Amino acid sequence: MAEDLVLDTAIRDWVLIPLSVVMVLIGVLRYFVSKLMHSSQTPDAKIVKEGQVIVRARNLRAAANFIPSKAFRARKIYFCNEENGLLFVPKGQGQNPQAQMFSDPNMAMDMMKKNLSMIIPQTLTFAWVNFFFSGFVAAKIPFPLTQRFRSMLQNGIDLG
């Protein structure tokens, strides 16, 4: 029968509680930093209109069983007509999605800001945990470790 693992009160009081508090505070700080770094830009009216047309077409497809078939066909033609349909794009006029995404340099800058606002706090948190909580045994592994993994997992723990 396997032994029950009991959480030491020192680990609970000096590791888990401070770590939980710090993680919540980092989440709140990350939220406010992302709010400060967010650039407010008004959306292009053409893009908003296209998005609304797509939502209307999706709603039509979802409600296809609930409306008469004649009404459904009329609305489908309104959206998909090859001459003047709202969703019809002539061949060769459709823009590559990646080219469209990078045509706006602010979008790339916003992505970079968002990534940095996630990477920097994560790196600082790892360094903080490594510095303050080295030496605590936090887990018991139910299988033997190879020498390579032992040096990685037992770094800073005196087992002698």
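View 1. Helix H5, which covers residues 105-132, has 28 residues and spans 41 Å from its first C-alpha to its last, close to the 40 Å expected at 1.5 Å a residue; the expected span is 1.5 Å times one less than the number of residues, and helices are DSSP runs of H or I with at least four residues, numbered from the N terminus. The model is a predicted one, in which local features need pLDDT of at least 70 and side-chain atom pairs count only at pLDDT 80 or more, while totals for chains, interfaces and linings use all residues. Residues are numbered from 1 along each chain as its sequence is written, and side-chain values use heavy atoms, with hydrogens and water left out. In H5, Asp110, Ser117, Pro121 and Thr125 are buried, where buried means under 20% relative accessible area, exposed means over 50%, and partly exposed lies in between (1.4 Å probe, protein chains only). The buried residues of H5 pack against H1.

View 2. Leu29 lies in helix H1, which runs over residues 9-37, and Leu29 counts as exposed because its relative accessibility is 55%. The C-alpha atom of Leu29 is separated by 9.2 Å from that of Pro121, although the two residues are 92 apart along the chain. Arg30 also has its place in helix H1, and, leaving aside neighbours within four places in sequence, Arg30 is in contact (heavy atoms within 4.5 Å) with Ser117, Met118, Pro121 and Gln122. Arg30 is buried yet has no salt bridge, and the nearest side chain of opposite charge, Asp110, is 16 Å away; here Lys and Arg count as positive and Asp and Glu as negative, while His and the chain ends are not counted.

**View 3. The salt bridge of Arg12 and Asp13.** The structure holds one salt bridge, defined as a side-chain nitrogen of Lys or Arg within 4 Å of a carboxyl oxygen of Asp or Glu. The side chains of Arg12 and Asp13 meet in a salt bridge, with 3.0 Å from N to O. Arg12 counts as partly exposed because its relative accessibility is 38%, and Asp13 is partly exposed because its relative accessible area is 34%.

**View 4. Confidence along the chain.** The mean pLDDT of the chain, the predictor's confidence in each residue on a scale from 0 to 100, is 81, and 86% of the residues reach 70 or more. Confidence is lowest in helix H4 (residues 97-102), at a mean of 66, and highest in helix H3 (residues 69-80), at 90.

How values were computed. Helices (H or I, at least four residues) and strands (E, at least two) are DSSP runs, numbered from the N terminus.
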